[in-house]
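Thank you all for coming.

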Amino acid sequence: MKKFFTLMAFVAMVIITLTSCGESSGVNNFTIKRGTNLSHWLSQSRVTGEQRRLHIQEDDFERLEKLGFDFVRIPIDEVQFWDEEGNKLPEAWDLLTNAINLAEKHHLRVVVDLHIIRSHAFIDNNNNNTLFTSEESQQNLINMWYQLSDVLKGYSNDSVAYEFMNEPIAPEHEQWNMVVEKVHKALREVEPQRTLVIGSNRWQDYETIKYLRVPEGDKNLILSFHYYHPMLITHRGAFWTPLGRFKGNINYPGVLITQEDYDAAPEEIKEDLKPFLTQYWDKNKIREDFKDAIAAAKKYGLQLFCGEWGVYEPVERDLAYKWYKDMIDVFDEFDIAWTTWCYDGDFGFYDQRTESYKDKPLVDILMSGKALGE
């Protein structure tokens, strides 16, 4: 009898081991293609209370499903979810879980993106960021993901993914790689199979993805980059960049500006304008820019994801639409998933105030490309 129980215990141990190995080595069905960012809601916003609660509702998820989107990226900020002492702020947590529930109801997958944290902001350009030099800041980032995991781990691995952090701006690429290694190891201890989205250094730029050290042997990863080039088009009129002050004509496709328009531009922005006097921008230029990201995804056998791209609302629509069409073509050519920046902000296509589309032709362009599985 003793031998029987010993044998049964051994068999049970083998079964548990095999099951555990299967869970950690299997590949999720978290596949994505067309999405948008639910921006300026749980991130980059000071709105709280009833106004915040009403900003994103079930009809938004229903609308996105009907249009043909298959997922959303939800940026969240530390200040919305934790106070300065690290205590949870329940309202934001409830809004996030309710949003995920509604997304699932309407067959939309979700990428939860930790957008801005107290020790790192992509808009700070490292003046006050401590994440890359402070062990305490790095542990705080890990602790935030432990708490997020505690709340979100009940959702299927096929429906919810985690994005470590938005647009890192480490002075050295290896500093970001070390943070990636630490957060990846910590999350894999509590969620062996969750899909994790990892972006490249320096604002998730396409040029830096070749420096990203990707955790080896983990197939439940998605590589992410962002693309707002040429910014002379995508940020025309934007007050936060010098290029936004250019008032001359812009040509696309082609060499973006003429010598005459360059000469007439304000002196303080001419250095930023110089590249656009000689570079020819078209679909081939976009394709060329993407080559390192495409190569990295192919090398590791992982899905590639452009988490942010879009054109500022005041930009002439004909100019914007030409760029959008070329972007969609390249995304489809290389099976790159994407989320526009954004749904209803100043790069968006829907107006929450009037409850109507402010740019329906843009939606038609976005939906003209391949759907998930095509």
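Does Arg236 count as buried or exposed, and what is its relative accessibility? At 12% relative accessibility, Arg236 counts as buried, where buried means under 20% relative accessible area, exposed means over 50%, and partly exposed lies in between, with a 1.4 Å probe and protein chains only. Before I go further, please keep in mind that this is a predicted model, in which local features need pLDDT of at least 70 and side-chain atom pairs count only at pLDDT 80 or more, while totals for chains, interfaces and linings use all residues. Residues are numbered from 1 along each chain as its sequence is written, and side-chain values use heavy atoms, with hydrogens and water left out.

Arg236 meets Glu316 in a salt bridge at 3.0 Å, N to O; by salt bridge I mean a side-chain nitrogen of Lys or Arg within 4 Å of a carboxyl oxygen of Asp or Glu. This pair links distant parts of the chain, 80 residues apart, with Arg236 in the loop between helix H9 and strand E7 and Glu316 in the loop between strand E9 and helix H14. Helices (H or I, at least four residues) and strands (E, at least two) are DSSP runs, numbered from the N terminus. Glu316 itself is partly exposed, with a relative accessible area of 39%.

A second pair, Arg287 and Glu333, also meets in a salt bridge at 3.0 Å, N to O. Arg287 lies in helix H12 and Glu333 in helix H14, so this pair ties together parts that are 46 residues apart in sequence. Arg287 is partly exposed at 24% relative accessibility, and Glu333 is partly exposed at 44%.

Arg34 is found in strand E1, residues 34-37.

Turning to the whole chain, a search of the structure finds 29 salt bridges, and 54% of the 374 residues count as buried. The secondary structure of the chain comes to 15 helices and 12 strands.
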